[in-house]
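Reader: Before looking at the model, I would like to know how to read a pocket and a sheet.

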Amino acid sequence: MPRGTYHENVTSFQGMELTVTNWKDNKQVLLLSTYAGDEPEDIITLYDKKLKMNVQVSCPWDIKEYNAHVGGIVLMDCFIGR
C-alpha cells in the first residue's frame, strides 16, 4: 500500500454516524471519528527518508483535523491527570 493511500468506512451505531479512516503514512494510521470524514482530500508535503526528499501525498480531512488539534488534546489529558 503506497504512502498517502486511504480508505474510509462509515457506519451507524445507536443513531450516531461513525467514520473509520485507514491512512498509510510511514505506518498504518487508524482514526475513528464522529465529527469528521475523509472529504475534502488535500495534498500535503512529507519527507521521505528513503528518497531523501520531500514528497507530496494525499491526506484525508479528518487526519488533518486531528493533527491540527492534537496538541490541545494532549494538554487537556495532562491537566485531567493532575
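Author: On a 1 Å grid over the protein atoms alone, a pocket is an open set of points with protein on both sides within 12 Å along at least five of seven lines, and lining residues have an atom within 4 Å of a point. This is a predicted model, where local features need pLDDT of at least 70, side-chain atom pairs count only at pLDDT 80 or more, and totals for chains, interfaces and linings use all residues. Residues are numbered from 1 along each chain as its sequence is written, and side-chain values use heavy atoms, without hydrogens and water.

Reader: Which residues line the largest pocket?

Author: The lining consists of Leu31, Leu32, Ser33, Tyr35, Ala36, Asp62, Glu65, Tyr66, His69 and Ile73. Two or more of the lining residues come from each of β3 and α1, where helices (H or I, at least four residues) and strands (E, at least two) are DSSP runs numbered from the N terminus. The largest share, five residues, belongs to α1.

Reader: How do strands of a sheet pair?

Author: They pair through backbone hydrogen bonds, either parallel or antiparallel. Two strands count as paired if DSSP finds at least two bridges between them. Here three strands form an open sheet in the order β1-β2-β3, with antiparallel pairing. β1 (6–13) and β3 (28–33) are at the edges with a single partner strand each, so one side of each has no neighbour in the sheet.

Reader: How many bridges join β2 and β3?

Author: Strand β2 (residues 16–24) pairs with β3 over six bridges, in the antiparallel sense. Asn22 has Leu30 in β3 as its bridge partner.

How values were computed
On a 1 Å grid over the protein atoms alone, a cavity is a set of points where a 1.4 Å probe fits but cannot get out, and a pocket is an open set with protein on both sides within 12 Å along at least five of seven lines; lining residues have an atom within 4 Å of a point.
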